[in-house]
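Trainee: I am new to this one. Could you take me through the terms as we go?

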Amino acid sequence: MDLLRRLGQFLDRPGFPWKRLIIGFQITQYVFEGFLSLRQYKILQETKPPKALEAEIQQDTFDKSQAYGRAKTQFGFISSLYSQAQNFATIYYDVLPRLWDLTGIWLFRYFPRSYTGEIVHTLIFFFTYNLVTTIINLPISYYSTFVLEEKFGFNKSTVRLWVMDLLKGQALGIALGAPLLSAFLAIVQKTGNSFFYYLFLFGIAVQMFAITIYPIAILPLFNKLSPLEEGPLKTGVEGLAKRLEFPLKQLFVIDGSKRSAHSNAYFYGLPWKKHIVIYDTLIEKSDTEEVVAVLSHELGHWSLSHTTKLFGIAQFHMFYIFALFSVFIDNRSLYQAFGFHKEFPIIIGFILFSEALAPMDTIVKLLMNILSRKFEFEADEFAVKLGYSTELAKSLIKLQIQNLSTMDADWMYASYHFSHPILPERLGALGWSGREKKADPQAVGGEKSSLATGREL
């Protein structure tokens with residue numbers, strides 16, 4: 001506590017150029033990420049697949065994947081510039097203090113005197129700001145869905161569905177965001193300098209609540225979950241879960257094809273009650289054994305405690321965020337640099353603190369991607385030990401083709417952006433060559449052969 005207090009005093013210096021510093025951070029990050037995208041764009045101009053994929057990917061599929069990658073990168077240049085312009089305009093034209101003052105006027109004119117505190121003011125400010133930014137970003141969202149994704153055959157949505165999703169998202173944000181934001185502010189107001197301990201406990205409780213309520217009340221607003229029908233796939237997945245002692249409660253199929261042709265599968269739930277969700281597009285385009293192989297990889301994350309480790313890291317990250325926020329919450333020089341001279345709202349402090357923390361978050365993102373790629377290799381190896389090397393390789397190739405995913409990547413771009421290894425790297429680790437594995441399973445993991453002989457699925 002004393003260290004945090006002294007750090008806060010050190011950083012609160014009258015006249016400190018916080019605005020120039022944060023703008024400098026933003027420009028530096030924008031230039032750096034643009035540099036990485038240019039490196040990746042050169043890779044996307046290659047005309048032949050990587051050697052590891054020459055026998056697996058047809059030339060026309062590779063060409064289409066490269067074109068899709070270039071189109072996304074070009075769109076990324078425009079959308080990131082658009083976002084950067086928004087950020088610069090918000091800072092340069094003092095949008096935050098102006099909007100805070102405006103919403104304060106609304107609060108004074110149109111609300112009873114009993115509702116004129118900081119919490120109500122913050123709610124009006126936050127949801128107004130969120131609504132404005134949503135409207136400003138509508139062209140980007142529309143182009144991404146109805147031009148870019150449509151051009152390459154992935155979009156299955158309609159304008160009506162897209163609008164309904166936006167409206168549902170806004171309504172959900174108000175319904176859940178209002179009580180959560182109110183509780184956040186009340187904790188900071190009432191618990192003094194130790195507020196970050198209580199915010200941390202509150203954050204854990206919110207996560208547990210979200211895990212519980214998401215499949216019941218939130219997901220059905222956007223997608224339909226149906227129980228997986230009886231058949232070989234259900235038998236295979238249930239057998240896999242039983243073999244791994246995975247606490248499977250329910251197996252669902254989600255209508256992902258309602259919006260997109262992309263495929264996926266995942267699990268969620270509390271430690272003692274898990275649910276597996278498989279996209280209908282994955283079932284439609286894959287063999288039964290390949291779907292089970294994909295899930296053997298996903299359950300490998302659970303069996304190897306990857307999900308637990310990532311959850312623990314996330315909690316540590318949340319704690320240090322709140323602890324560092326306690327350093328900035330009373331930093332008058334930060335508030336004043338952005339036009340707040342008389343009022344020092346908690347939500348504004350958190351927004352400005354988040355901007356100041358951006359360089360550190362970039363480093364955290366890089367380290368988390370490195371760890372995530374390591375976990376992906378380990379989950380692949382886990383599937384190989386279960387005897388699914390061939391099926392997993394085939395499934396990964398099919399998913400790559402179906403999703404037109406990037407076939408190759410610049411190493412710097414991949415290190416910074418990718419949470420998963422690229423396909424040639426994964427196939428190499430699986431020992432895959434054509435329709436035969438390059439190496440005996442023993443070469444990929446010590447127990448693979450013995451476990452594969454006892455395969456139940």
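Mentor: We will go through a residue, a sheet and a pocket. This is a predicted model, where local features need pLDDT of at least 70, side-chain atom pairs count only at pLDDT 80 or more, and totals for chains, interfaces and linings use all residues. Residues are numbered from 1 along each chain as its sequence is written, and side-chain values use heavy atoms, with hydrogens and water left out.

Trainee: Why is T47 called exposed?

Mentor: T47 has a relative accessible area of 55%. Buried means under 20%, exposed over 50%, and partly exposed in between, with a 1.4 Å probe and protein chains only. T47 is therefore exposed.

Trainee: Where does T47 lie?

Mentor: T47 lies in the loop between helix 2 (18-43) and helix 3 (59-92). Helices are DSSP runs of H or I with at least four residues, strands are runs of E with at least two, and both are numbered from the N terminus.

Trainee: What is T47 in contact with, leaving aside neighbours within four places in sequence?

Mentor: Q59, F62 and D63. Contact means heavy atoms within 4.5 Å. T47 and F62 are 15 residues apart in sequence, and their C-alpha atoms are 8.1 Å apart in space.

Trainee: What is the strand order in the open sheet?

Mentor: The four strands run 1-2-4-3, with mixed pairing. Strand 1 (225-227) and strand 3 (265-270) are the edge strands, as each pairs on one side only.

Trainee: What makes strand 2 and strand 4 a pair?

Mentor: Two strands pair if DSSP finds at least two bridges between them. Strand 2 (248-254) and strand 4 (273-279) have six, in the parallel sense. They therefore count as a pair.

Trainee: In which sense do strand 1 and strand 2 pair?

Mentor: Antiparallel, over three bridges. S226 has V253 in strand 2 as its bridge partner.

Trainee: What makes a space a pocket?

Mentor: On a 1 Å grid over the protein atoms alone, a pocket is an open set of points with protein on both sides within 12 Å along at least five of seven lines. Lining residues have an atom within 4 Å of a point. The second largest pocket has 22 of them, with N193, F195, S326, I329 and D330 nearest its centre.

Trainee: Which helix gives the most to that lining?

Mentor: Helix 1, with five residues. Helix 1 spans 2-11.

Conventions
1 Å grid on protein atoms, 1.4 Å probe; cavity = no way out; pocket = protein on both sides within 12 Å on 5 of 7 lines; lining within 4 Å.
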